[in-house]
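I opened the notebook to work through strand pairing, pockets and ring pairs in turn. The entries below follow the order in which I looked things up.

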Amino acid sequence: ELKSADKIKAGDSVYRLTKGTDWQIVVPLTKEEYKRLKEKETVTVNISKDDLSVSCPIGFEKAEEGYYGILSFSNYLVRYAKERYLNVEIEIETEDGLKIPNSAIVKKEFYKIPKAYFQGSSVAQKDLVMKKEDSRGKVTFETKTVDIGKSEDGEGEDSQGYYYVLAEEIPDNTVICMADSADSYLVDEKGELPGVYNINRGYADFRCVEVLMENKDYTIVKDDITNSIALFDRIVLNGNTIENNEIIY
């Protein structure tokens with residue numbers, strides 16, 4: 001508790017005189033964050049207020065309630081002297097990619113289907129030949145165009161790779177046929193993939209993303225992926241409030 005004998009009259013200015021440009025920010029750290037940072041002497045810090053990234057020395061203190069990082073600066077004091085608190089991000093690992101809010105990311109079910117069963121040259125859409133049999137045993141074939149969510153290369157010389165197709169596009173227990181062959185395949189292998197809803201065309205178009213790193217607020221996803229998102233795309237902020245192909249009014 002600090003007290004002063006000085007009295008201030010109503011209307012007088014109250015101020016603190018700063019005589020130097022050195023200042024510090026103290027940030028609480030979890031035990032895991034401390035372990036990942038403790039060997040570092042300098043870190044890159046992003047100050048959210050101005051979206052300013054700067055490199056600075058870092059020190060550490062341990063208290064009963066946990067660990068603290070002490071960020072030391074010799075510039076920008078004039079800009080932040082009146083701030084009581086600042087929101088900052090410390091870069092523990094650096095990845096180049098697109099930064100998107102965690103709330104935009106949702107997971108959807110996809111079928112994993114061998115590439116050999118697809119037809120067409122487009123990278124975004126391809127055709128599947130579906131085999132159907134009615135209650136009397138009559139067999140018919142139907143060609144359906146599906147969106148390609150993700151492409152996966154095969155491993156080894158004999159592996160052909162796979163395409164991922166949204167499960168909602170293909171009925172359960174669908175049998176597909178390979179072109180110019182008697183081979184058929186029961187579509188049943190599923191998996192979940194993360195993605196966001198792209199609304200560039202006025203409707204929700206689910207696009208898969210490849211996560212590079214994430215924190216509690218944001219995720220960095222890989223850029224320049226076929227059938228994914230790109231810089232300046234418009235996406236739905238809260239992915240749980242919309243469905244695929246829903247019109248945006």
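In which sense do S6 and S17 pair, and over how many bridges? I find that S6 and S17 pair in the antiparallel sense, over four bridges. I take helices (H or I, at least four residues) and strands (E, at least two) as DSSP runs numbered from the N terminus, and I call two strands paired if DSSP finds at least two bridges between them.

Before going on, I note that the model is predicted, that local features need pLDDT of at least 70 and side-chain atom pairs count only at pLDDT 80 or more, while totals for chains, interfaces and linings use all residues. Residues are numbered from 1 along each chain as its sequence is written, and side-chain values use heavy atoms, with hydrogens and water left out.

**Entry: sheets**

I placed that pair in an open sheet of three strands with the order S6-S17-S16 and antiparallel pairing. Its edge strands are S6 (98-101) and S16, each of which pairs on one side only. From one strand to the next the twist averages 30°, with axes as lines fitted to C-alpha atoms and angles running from 0 to 180 degrees between N-to-C directions. Within the sheet I located isoleucine 100 opposite threonine 219 in S17.

I then turned to S11 (residues 162-166), where four of the five residues are buried, meaning under 20% relative accessible area with a 1.4 Å probe and protein chains only. S7 (residues 106-114) runs antiparallel to S11 and is joined to it by five bridges, with proline 114 as the bridge partner of tyrosine 162. S10 (residues 150-152) is also antiparallel to S11, through three bridges, and there lysine 150 is the partner of tyrosine 164.

**Entry: pockets**

I searched on a 1 Å grid over the protein atoms alone, where a pocket is an open set of points at which a 1.4 Å probe fits, with protein on both sides within 12 Å along at least five of seven lines, and lining residues have an atom within 4 Å of a point. The volume is the space filled by probe spheres set on the points, which are joined across faces, edges and corners.

The largest pocket holds about 1,200 Å³ of space. Its lining has 34 residues, and the closest to the centre are Glu89, Ile90, Glu91, Ile92 and Asn215. S1 gives the most to this lining, with five residues.

The second largest pocket holds about 380 Å³, and among its 13 lining residues Gln24, Tyr80, Ala81, Glu83 and Arg84 lie nearest the centre. Here too I found S1 with the largest share of the lining, four residues.

**Entry: aromatic pairs**

I counted eight aromatic pairs, where rings of Phe, Tyr and Trp (its six-membered ring) pair if their centres lie within 6.5 Å, and planes under 30 degrees apart count as stacked, over 60 as edge-to-face and the rest as tilted. The rings of phenylalanine 110 and phenylalanine 206 have centres 6.0 Å apart and planes at 40°, so I recorded the pair as tilted. This pair links S7 with S15 (residues 205-208), the two residues being 96 residues apart. Phenylalanine 110 is buried, with a relative accessible area of 1%, and phenylalanine 206 is buried at 8%.

Tyrosine 117 and tyrosine 185 have ring centres 5.5 Å apart and planes at 35°, so this pair is tilted. Both tyrosine 117 and tyrosine 185 are buried. Lastly, I noted that ring pairs link Trp23, Phe73 and Tyr80 into a cluster.

Key. Buried < 20%, exposed > 50% of the residue type's maximum accessible area, 1.4 Å probe, protein only.
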